[in-house]
Structure formats: C-alpha cells, structure tokens
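Subject: Structure handover

Hello,

Here is the structure we talked about. Please open it alongside this note; my findings follow below.

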Amino acid sequence: MEMRLVGIAILLGMADVLHAFAIMEKEDVFKKTPCPAFLMFDNAAYLADMSFELSCKCKPEEVTSVVWYFQKSMGSRQTKVLTDFDGTMFLDSGHIRVGSHMLKRFSIRMFSLIVFRAQVEDSGHYLCGTKEGDFFYGYDVDVQSSKAITVAFEDRNQHPQKDHTEEHFSVFTTFWDWTKCDRCGVRGEQWRIGLCYVKSAYLYPRYRTVPTDVVSCGSRSVPRRFQGTIRLRKPEVVIRSCLTPCVKRKGPEEGVLSISNLIAKVGQKPWLPKVPIQFHKQHLGSGLIIACPGARPEHAVAWDKDSTRLYRTSFLIGVNKSMRVFIDHGNHLHIRFTQLDDRGTYYCWREGQMVAGFRLSVRFQGDRKRTLDDPETRYAIKAILTSYVLITMVFVGIHISRCCYYAFRCTLLG
C-alpha cells in the first residue's frame, strides 16, 4: 500500500513539473519572437459577421498585460482603446447582436484580441501595446461586406468571377476550403467562400504580405488610385450539391423505452422528438428571424420545414428579388410578413447533423399601438413615400410636357 502511495505521489509530482514546463514553453514564445524595430502590419481578411482573433505575437518579457488600439486609417487622431486592463474579459458570442458597437463585441484572452461578429466598420489597423502607448505588433484587418456577395451554383454550370488584370495590378478571388455537407443521409449542399485579393508591385512597403505583393482588396496598403476599380469586385460564394452518410448514434436503452411505453397510453408510443424543440407563437403579418443554436457564419447550416428541404438554390437571399422566406449569408432563416401557412416545425442542421427544431404557430394579432421600430411600420412608410414620389414625378412630368407643348405651339403660331 505504501508503494502505491509513493507511486501516486511521484506521478502527481511529474504532472506538476509538466504543467510548469508547459507554462514556461508559453512564456518562451515571446522570448523567441523579437519585436520588429520598425512597426509592420500583417494583412488579414474576413467576411462580415464572422469572428476573428488577433494574437500579440511579440512583447517584452516584463509586460504582463497588453492594450489593443484601433485606428481606422494610419495616423488618425480618432483611436479607440480596446482593453479591460486585466486581460480577463470574457464574452459569450451567442449574446452579441448584429450591428452592436465594437466596444461591446471584443474580448482579450491571453494577450489576444477577439472581435465577435465583425462588421465592415471594424476594418482598419489593430495595434498591440501598453497603456503608455508603446506598440509591439500590428494588423491590417479587412472585413468585406456580404450584402452584395456574388453567388454561383455549380449544379447550374455557373462559375466564379474571372480575374481582372490591368497594367499595374490584378484582382482575383481566393477561396477557402469547402464546408462540410450541411445534411446527412439526404441530398445536401456545401459551399466555399471567396474573398477579394489584389496583386501589385506598388503596395505600400509598411505592410507585410504573404505571398509577396498580394493583399486583400480592402487593405490600406493598396494605393488610392487603384481603389476605384477594385471596389467593383465583390466577395463570392460557390454552392454545390453533396451527399454524405449519417453517423450512427446509440439509441435509448431497452429499459428506457419500456418505461416510456408504460407511461404512455396503452397501445400508443409517446412522441419523442429527434432533436430539442423550441415552441414559439408569432403574430400574423409580423417578421421573424430564426438562428441555428451554436452556428457561426463559417459553419455548414441547413434548414428544413417539416419534410421540405429549404435548399439555398431556391431560398438564398438575392436569388429572387421578391423573397418572403429566405436564408441570409449568416445562416439565419428570415420570414417576412408571417402567414398562416408558415406554421410548422423548422429543423436546423449544423455541420451535417440535425441539432434543433423550432415549432412555429401563427395567431391573429389584436389591436396594438404601432411604433416606428416595427418592420411593418417602416415598410408601410417606405411604400407610401415611394408611391408619393412616383406620383409627384408623373404629375410634374405631365405639366412640363404640357408647358413644352404650348410653348412649341405658340412659337409656331407666332
């Protein structure tokens, strides 16, 4: 027995030594990576609504906490300080709303800056340093918009955009890897995202590029005289069909089924949902946005309504101009002006596995006061203003035409 206790003590001592060695290894990373004498910026590109992490790759050994700075452009006087002064700020990305201010969407962990659900406005320079203003490392971040993204369906023989070449630069798309198949056991879809990049020998030398002379299209290293043409190039996504088998899961044990059958009525089995179901009641005519639990924009996410597959070839935003039900590029399911036939169960697939269900019931809405924040109110105001402008244009056009006609007639008679 004593020998066993001695052996356990030796193992625990070895574990402590290995843990201390691991900590020393992490600290040695900063010793092995000297800070550059002249501050350079690493280029990094992302799609809107994605989260990204920037690591402070070098710092002096005596610095125990870092401060991150954000500048929209080089030398800008408007500099945002991103710090919690402890490096212990933790956020749950699931509670981050789209469009919220960047100061509410960041976290610092182990000297690294994490920005949740990045927006186009977050593009700029990020610098790692101290609160005294000493800078160690810099990034040139380019967040590209997904609103005007170009979509190509391989099943329809559609192809990505061709490269555009001019005298001093060329613009092309760099694609990420294909996602996993978004469904299993049935026909699914997979896609890959492509971001805009430019190759030129006239980039500003203060920016570090890999490979050489290649940066994302929104980088600050691109000369202004090139940006007019480059802005016309948009990110793109290529979608194709796929088929993958489902991974077999262990079913409930026989005893559990027996107990559930005993509790249910005689001769009837209880209803056991395949995935967790959330119940929701929606007013008729209102708008609804459904998010897949735990999903991020870079994940492979699919939606089904009962037994109907909502494929992106028909339901991706922008496929049709008048779409009431659609899926956006952030994998959210949108339902505009809810109707009675929208009732049903909407299933969500994530990375090839069905993970959640959303049972929707639609009811008539009683009398309530409308506010300007309601999407129905904003849509009605927009429709009224558009109609008013069109009617005014027609009215003014008719009177101008009549005046021109009478003026021309009087000229002839005179």
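The accessible surface of the chain comes to about 26,300 Å². Carbon and sulfur atoms hold 59% of that surface. Areas come from the Shrake-Rupley method with a 1.4 Å probe, and for residues only the protein chains shown count as cover.

Some ground rules. This is a predicted model, in which local features need pLDDT of at least 70, side-chain atom pairs count only at pLDDT 80 or more, and totals for chains, interfaces and linings use all residues. Residues are numbered from 1 along each chain as its sequence is written, and side-chain values use heavy atoms, with hydrogens and water left out.

Overall make-up
The chain has five helices and 23 strands. These are DSSP runs numbered from the N terminus: helices are H or I with at least four residues, strands are E with at least two. Of the 414 residues, 38% are buried. Buried means under 20% relative accessible area, exposed means over 50%, and partly exposed lies in between (1.4 Å probe, protein chains only). Take the contacts (heavy atoms within 4.5 Å) with a separation of 6 or more: residues 24 or more positions apart account for 64% of them.

Strand β8 covers residues 135-144. Nine of its ten residues are buried, so β8 is largely enclosed by the rest of the structure. Two strands count as paired if DSSP finds at least two bridges between them. Strand β1 (residues 41-47) runs parallel to β8, with seven bridges joining them. Tyr46 stands opposite Val143 in β8. Strand β7 (residues 124-129) pairs with β8 in the antiparallel sense, over six bridges. Here Gly129 faces Phe135 as its opposite residue in β8. β7 and β8 form a hairpin with five residues between them. In that turn, Gly133 has a positive phi of about 100 degrees.

A three-stranded sheet
An open sheet has the order β2-β6-β5, with antiparallel pairing. Its edge strands are β2 (52-54) and β5 (106-109), each pairing on one side only. Four bridges link β5 to strand β6 (residues 112-115). Ile108 stands opposite Leu113 in β6.

Salt bridges
How many salt bridges does a search of the whole structure find? Seven. The criterion is a side-chain nitrogen of Lys or Arg within 4 Å of a carboxyl oxygen of Asp or Glu.

Look at Asp304 with Arg183: their closest N and O atoms are 2.9 Å apart. The pair links distant parts of the chain, 121 residues apart. Asp304 is in strand β18 (residues 301-305), while Arg183 is in the loop between β11 (169-175) and β12 (187-200). Asp304 is buried, at 0% relative accessibility. Arg183 is buried too, at 0%.

Asp304 also meets Arg309 in a salt bridge (2.7 Å, N to O). Arg309 is partly exposed at 27%. Asp182, Arg183, Asp304 and Arg309 are linked in a network of salt bridges.

Elsewhere, the side chains of Glu298 and Arg296 form a salt bridge (2.9 Å, N to O). Glu298 is partly exposed at 28%, and Arg296 is partly exposed at 41%.

A surface patch
Tyr388, Val389, Leu390 and Met393 form a nonpolar surface patch, with about 450 Å² of accessible area together. Patch residues have over 30% relative accessible area and no salt bridge; like charges are joined within 9 Å, nonpolar side chains (Val, Leu, Ile, Met, Phe, Trp, Tyr) within 5 Å. Tyr388 lies in helix α5 (residues 375-413). Its relative accessibility is 58%, so Tyr388 counts as exposed.

Best wishes
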